Amino acid sequence: MKKITLLTGLILSLLITGCDLESANPSPEKSPPDSDVIIDTEETDTSDEESNTDENEQAAETTVKIFPWFRDGDVEFTGKIKAVSSDLIIGDNKENIAINFYDYDQPGDYKWDEISRLFGFYEVGTINKAPYEGQTLLMLDLKCDGMCFRNYTYRFAWDKETNSLTLLKKQSDNEMTPGFFEYFVGATDNETYLEKVELPETISFPGKPEVIKTEEKFSNYLMLDLGETTLAFTNDEVGNVYKNERYGCLYVMGPDGATTLYNYDPEFFDGDDVTVTWEDGSTANITDGYKYAQGGCGIRGNCYEIINVNDNELKKAGTASNGMDLYVLTNPLENAAELDTATDAQKRLDYSYSAHKSFAKMSNENGDTPVTLSFDDYNKKKPLIFWQDPQGRWSALMNVDFTIPAECGKPVIYLYPETTTNVHVEVEVDEFTVTIPDYGLSGWTVQAQPDGSLYNYADGQNYPYLFWEGIDKDGINANKGFVVKKENLASFLNESLTKLGLNETEKADFVEFWYPRMMNNPEPYLYVSFVGTSDFNKVAPLQITPAPDTLIRVFMYYQPEPSFYSVPAQNLTSIPRKGFTVLEWGGTSSRPWKY
């Protein structure tokens, strides 16, 4: 496998849609101030569908404005997003869908009532383009179980007369088409594209030449939920554009309820190299020499972080070839993290210097020759440079020489077969740094007992679990989490891990390892985000023979923070344990977590 170096900086830019730990998780039936969305709380008349609806299920309608971009297209939007009973769409196929929902290779024994909450069907308008004239545009908002950072959104042409569905592949989720679709989707159309259904690729800022661009991979990733965002500006064509206080992502909801993510891109890293001419006349390559800060162990972000910095704290350091002025702090302070009078920007720079020193210590213990700079020499390298977006908000780039490799921290794998079973386990990562027992050339082969105890054939020893640490490629955009006071961390971890389905032994092992490392930071808050099974499978694929009936992977990212801020809270739930169950937990941090 080609090795991809994973770098982590001080900042993890995360995809944010708004909501925080200290407030209730917002209901999809709430909308931000000045919203284009109005929720109709009255029941919809479903008398003609009563024979097909689940008992006690009620349809609801969301009223939305239809802005000029969406008029005169291939769909006549009704201005209503009407929830449709899953039973009406799926009918007698519910149990087939349920048993194939978690495992496409072999049926499980799940029931529809265990997964029905993950399905949301919405009727939004009438298609007027061949070959689907007169058919209904139907949206499916498919939530992932356990926890994840986005839902999957699909568009269908729905012929109500025959109750048949055609998946419109070009305007549905481009990452996953579930195998269980075969039980209720009649056909897949790979060619048809409905004009003026999705939002435009770019939107202009009012009165400014700059534009925001769609993040294609994450378009249409959320239904009927703008979270705890606030109005950024109004665009004449598409309506209100929303922002949050912490990250540069912007959001627009279309009349079909799908929210599209936009991002302002100063184009430091796209196309031709961007160079900077510093105030002293020297030059540097920004494209090769700086990065948006990234997370560790495959966790990364796609929208830049908004940094709390005042204009008078900065001095111009140079001008980039793309026209962007770049700045550095006028008064950098060593040990700023320990000073109540220090600003957030001063502390941020000091944190990066602390990470530099920690990495030098780590290199020394690994037998490498560390190079530890003095604070003054460190700042001469311009480790952190600031830039301003068209809304007047500040963000930063970090010198690649001072981004720190971050390992996947102590992922441990528990095996719980129903009977004594020989099991072979492989983890696909770029580089292992530690494995217990030894991974060997092709993975672990163990005898697993129902209580989780393992006998390793290679060394003849017994183990409670399989353990690995390693470095892996980018792959996950962590976009939800919690900002937690350190004094509340113990109770937060206990509650969260319980919701995620860890048993008492697994929770105790997790807390024993991570709690002291998380508390060993001077900041009073921690940003915590959990990566679930479907997302972590992209970072470190797991191959297990025989295949488990239930696979649960829980991976935590944390970032020390000097102050509280609002983030979108994750909905933490667990996958039911059925049959041969495998559970894995691990973590990483924005800093070298070993020190």
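This is a predicted model: local features need pLDDT of at least 70, side-chain atom pairs count only at pLDDT 80 or more; totals for chains, interfaces and linings use all residues.
A residue counts as buried when its relative accessible area is under 20%.

The setting for them is a chain with 36 strands and nine helices. Among contacts with a separation of 6 or more, 71% are made by residues 24 or more positions apart. The protein exposes about 24,900 Å², with carbon and sulfur atoms supplying 44% of that area.

A pair of aromatic rings is described by the distance of the centres and the angle of the planes. The model holds 29 aromatic pairs. In one of them, tyrosine 264 and tryptophan 387 are tilted, with centres 6.3 Å apart and planes at 45 degrees. This pair joins distant parts of the chain: tyrosine 264 belongs to strand S15 (residues 258–264) and tryptophan 387 to strand S22 (residues 384–388), a separation of 123 residues. Tryptophan 387 also pairs with phenylalanine 268, here in an edge-to-face arrangement with 5.9 Å between the centres and 70 degrees between the planes. Again distant parts of the chain are linked, since phenylalanine 268 sits in the loop between S15 and strand S16 (275–278), 119 residues from tryptophan 387 in strand S22. Phenylalanine 268 has a relative accessible area of 0% and is therefore buried. Tryptophan 387 is likewise at 0% relative accessibility, so it counts as buried.

Elsewhere, one aromatic cluster is formed by Trp112, Phe119, Phe121, Tyr154, Phe156, Phe180, Phe181 and Phe184. Rings also take part in arrangements with charged side chains. The charged end of lysine 382 is placed over the ring of tryptophan 278, 4.8 Å from the ring centre. For arginine 517, the charged end lies over the ring of phenylalanine 513, at 3.9 Å from its centre.

The backbone brings a few details worth a visit. Most residues other than glycine have a negative phi, and most peptide bonds are trans. Against that background, the peptide bond from alanine 130 to proline 131 is cis, with omega near 5 degrees. Proline 131 is located in the loop between strand S4 (119–127) and strand S5 (136–142). A cis peptide bond also runs from threonine 545 to proline 546, where omega is near 0 degrees. The loop between strand S34 (542–545) and strand S35 (550–561) contains proline 546.

Positive phi values turn up in loops as well. Aspartate 72, which is not a glycine, has a phi of about 60 degrees and lies in the loop between strand S2 (61–64) and strand S3 (75–84). With a relative accessible area of 82%, aspartate 72 is exposed, because the cut-off for that class is over 50%. Lysine 196 also has a positive phi, near 60 degrees, and is found in the loop between strand S8 (187–189) and strand S9 (202–204). Its relative accessibility is 29%, so lysine 196 counts as partly exposed.

Finally, a word on confidence. The average pLDDT of the protein is 80, and 78% of the residues score at least 70. Residues 1–35 have a pLDDT below 50, and this stretch makes 139 contacts in the model beyond near neighbours in sequence. Over residues 38–59 the pLDDT stays under 50 too, with 31 contacts beyond four places in sequence.

How values were computed: Residues are numbered from 1 along each chain as its sequence is written. Side-chain values use heavy atoms; hydrogens and water are left out. Rings of Phe, Tyr and Trp (its six-membered ring) pair if their centres lie within 6.5 Å; planes under 30 degrees apart count as stacked, over 60 as edge-to-face and the rest as tilted. Helices (H or I, at least four residues) and strands (E, at least two) are DSSP runs, numbered from the N terminus. Buried means under 20% relative accessible area, exposed over 50%, partly exposed in between (1.4 Å probe, protein chains only). A charge sits over a ring if NZ of Lys or CZ of Arg is within 6 Å of the ring centre and within 35 degrees of the ring normal. Contact means heavy atoms within 4.5 Å. Accessible areas come from the Shrake-Rupley method with a 1.4 Å probe; for residues, only the protein chains shown count as cover. pLDDT is the predictor's confidence in each residue, from 0 to 100.
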